[in-house]
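Here is a structure to go through by question and answer. Each answer sets a value against its definition.

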Amino acid sequence: MDNFTDTRTPSPAQEAPLTGRIALVAGATRGAGRALAVELGRSGATVYVTGRTTRTHTSEVGRATETIEETAELVTAAGGTGVAVPTDHLDPDRVTALVERIDRERGRLDILVNDLWGGEQLLVDSVFGKKSWQTPLAAGLRILDLGVRSHVITAALALPLLIRSNAPLHVEVTDGTASFNRRYRENLYYDLAKNAPIRMAFGLGEELAEYGGTAVAVTPGFLRSEQMLTHFGVTEENWRDAIAQEPYFAIAESPYYLARGVAALAADPDRAARWNGRSASSADLARAYDVRDVDGSRPDSLAYIEDARYAGKECSVDDYR
């Protein structure tokens with residue numbers, strides 16, 4: 001099991017506000033996607049979890065240590081029902097089969113979370129620090145496939161089922177809010193990939209409104225994902241040791257911080273009025289729904305980075321946790 005496993009179960013007084021709801025978390029192998037699936041399950045949902053890494057196959061990410069089967073087991077252990085379905089979301093036929101299976105087995109879909117990515121290795125090897133014309137074209141186009149095309153395919157094929165819900169919720173997961181991403185995100189391909197989900201949520205919010213639906217783009221801050229912990233050579237238990245390598249890691253958050261906020265949003269009957277078409281950070285959701293990270297803190301990574309890095313202010317990380 002991963003280092004972020006949370007064994008809390010709902011108390012009877014708080015029993016599972018999403019009981020009976022059907023969710024699909026596309027891209028739930030690890031990181032925020034895994035945590036989102038688990039927290040939706042903790043709130044009582046049946047969660048279909050998809051990804052490309054299984055116990056018998058490893059995706060191009062190259063991490064065999066996290067699988068969708070394990071994610072499904074974590075969902076069930078948290079109190080929901082986890083269903084693992086290996087899916088490459090760049091393959092329309094596979095996505096069609098996934099949606100047809102959900103329809104056949106459950107008859108509807110209430111929550112769709114698009115957390116598809118899997119391009120971190122391209123950022124390190126081919127993208128960051130390079131102009132667009134210096135970036136290998138194949139790597140740049142792969143980033144757009146992973147971060148944009150996969151989202152579009154999944155939305156196009158799953159939304160006809162989603163709008164049959166009495167309160168459809170579509171969640172786009174990206175990196176940065178609309179406000180934070182007003183500045184260039186280091187490389188053209190990455191900038192496009194991480195701004196497209198924000199525009200998708202805005203546009204789909206317009207389209208879902210007549211169905212009583214909500215579309216929202218959400219973002220974590222500096223994420224302590226399994227992949228990032230490996231990058232710094234630390235674990236969740238000693239993650240602060242990485243601050244010596246990267247001072248901004250002091251404001252890092254676990255994947256469960258965003259996930260708790262999204263689960264609370266999914267259970268909010270007024271979510272359309274509050275969030276439809278908008279983008280929100282994990283900290284925005286934490287303030288709105290009074291949730292905290294696994295260590296009890298309430299970090300605001302984006303605000304800290306805005307002030308410390310871009311505004312040049314003297315900041316104490318403690319003031320942003």
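Q: Which residue stands opposite Leu112 in S5?
A: Leu112 stands opposite His170 in S5. Strands here are DSSP runs of E with at least two residues, helices are runs of H or I with at least four, and both are numbered from the N terminus. This is a predicted model, in which local features need pLDDT of at least 70 and side-chain atom pairs count only at pLDDT 80 or more, while totals for chains, interfaces and linings use all residues. Residues are numbered from 1 along each chain as its sequence is written, and side-chain values use heavy atoms, with hydrogens and water left out.

Q: What makes S4 and strand S5 (residues 169–173) a pair?
A: Two strands pair if DSSP finds at least two bridges between them. Four bridges join S4 to S5, and the two run parallel.

Q: Why is Thr154 called buried?
A: Buried means under 20% relative accessible area, exposed over 50%, and partly exposed in between (1.4 Å probe, protein chains only). Thr154 has a relative accessible area of 1%, so Thr154 is buried. This residue is found in helix H5.

Q: Why does Arg199 count as exposed?
A: Arg199 has 57% relative accessibility, which is over 50%, so Arg199 counts as exposed. Arg199 lies in helix H6 (residues 188–208).

Q: What makes the link between the side chains of Thr154 and His89 a polar contact?
A: A polar contact is a pair of N or O atoms within 3.5 Å; within protein, one must be able to donate a hydrogen and the other to accept it, and residues adjacent in sequence count only if both atoms are side-chain atoms. The pair here is at 2.9 Å.

Q: How do you know which faces of strand S4 (residues 111–114) are covered?
A: Ile111 and Val113 on one side are buried, and so are Leu112 and Asn114 on the other, and both faces are covered. In a regular strand the side chains alternate between the two faces of the sheet.
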